[in-house]
Amino acid sequence: MGLGGGFASAAPEVQTWPTDAAGAHGGSAAAAVSGWYATSETAGDRVEIRDVRGDLQREITRAEILPLLNWMTLDGSGDGPTALAWSRSGRSLFIAVHDDENGPGGGGGSDAVLRYDTATDQLGVFALVDLGDVTAEHIHPALLHHAGRLYLGGDPGEIEVHRAERNDTSSFAPLATVDLGAPVRGLAADRALGLLYAATDTGLWRSPLSAVPPVFEAVGPVVDARAIAHTGHFGGFATTGLYVLDQGGAR
């Protein structure tokens, strides 16, 4: 979808990036500057981090995740690391982990976002969150990091905005929360124009990135989106716009 609101389709240029951590409920993310990328899968509850050449740099395993989230029961189901987001530099990798068990205190915050610091090799709990029911097939939450803020969207339809500056290791409460009224499936940023995009089960929305909380307006007739990405994140594109993955394919 172009920024002007019109739709265009083209045959994609396919390039294979190696990974051993890709499954029905996995996530993927790429750092805009460093060239690192990460993939996750829930059957084994693990995350792979690879460099631009595809060489494995780090693997985060279930054995590392469970001591941090000891109320969770992670197994071969769809629970586990379901969404990923990098900071632009590639220093911080944020990992959304979902489980149906109650969190600390037996109430909300049963899910969590972990932060892995590539500079110090430290993995820790960044925030306790509620991602809703994201274990169904093809359903996963959405994460986006931009300019010291982490955006998180899930099944309840809410988008949380957390402070996530370079040296922030945790967030006890979001800076803001906004409800789009339908499960959030994708988040993307147009850095050049300063826009935040959110895809839900019912439509596509955008807000100025400067607005906290985000002030969304509906754009485009996109429905049933499962992920979105902006060309500006990767660079090297003559035409800027959004990639939208929906149940019928990609466009």
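Three bridges join strand β15 (residues 204-208) to β16 in the antiparallel sense. Strands are DSSP runs of E at least two residues long, numbered from the N terminus, and two of them pair if DSSP finds at least two bridges between them. Trp 205 has Ala 218 of β16 as its bridge partner.

This is a predicted model, in which local features need a pLDDT of at least 70 and side-chain atom pairs count only at pLDDT 80 or more, while totals for chains, interfaces and linings use all residues. Residues are numbered from 1 along each chain as its sequence is written, and side-chain values use heavy atoms, with hydrogens and water left out.

The pLDDT, the predictor's confidence in each residue on a scale from 0 to 100, averages 83 over the chain, and 80% of the residues score at least 70. Over residues 1-12 the pLDDT is below 50, and this stretch has 18 contacts in the model beyond near neighbours in sequence. Contact means heavy atoms within 4.5 Å.

The pair β15 and β16 belongs to an open sheet of four strands, ordered β13-β14-β15-β16, with antiparallel pairing. The edges are β13 (184-190) and β16 (217-219); each has a single partner strand, so one side of each is left without a neighbour in the sheet. From one strand to the next, the twist averages 30 degrees, where axes are lines fitted to C-alpha atoms and angles run from 0 to 180 degrees between N-to-C directions.

Strand β13 contains Gly 186. Gly 186 is buried, at 3% relative accessibility; buried means under 20% relative accessible area, exposed over 50%, and partly exposed in between, using a 1.4 Å probe and protein chains only. Beyond its neighbours within four places in sequence, Gly 186 is in contact with Ala 142, Tyr 197, Ala 198, Ala 199, Ala 227 and Ile 228. Its C-alpha atom is separated by 6.4 Å from that of Arg 226, 40 residues apart along the chain.

Another strand, β3 (residues 46-50), holds Arg 46. Arg 46 is buried, with a relative accessible area of 18%. Its side chain makes a polar contact of 2.9 Å with the side chain of Glu 41 and one of 3.3 Å with that of Glu 48. A polar contact is a pair of N or O atoms within 3.5 Å; within protein, one must be able to donate a hydrogen and the other to accept it, and residues adjacent in sequence count only if both atoms are side-chain atoms.
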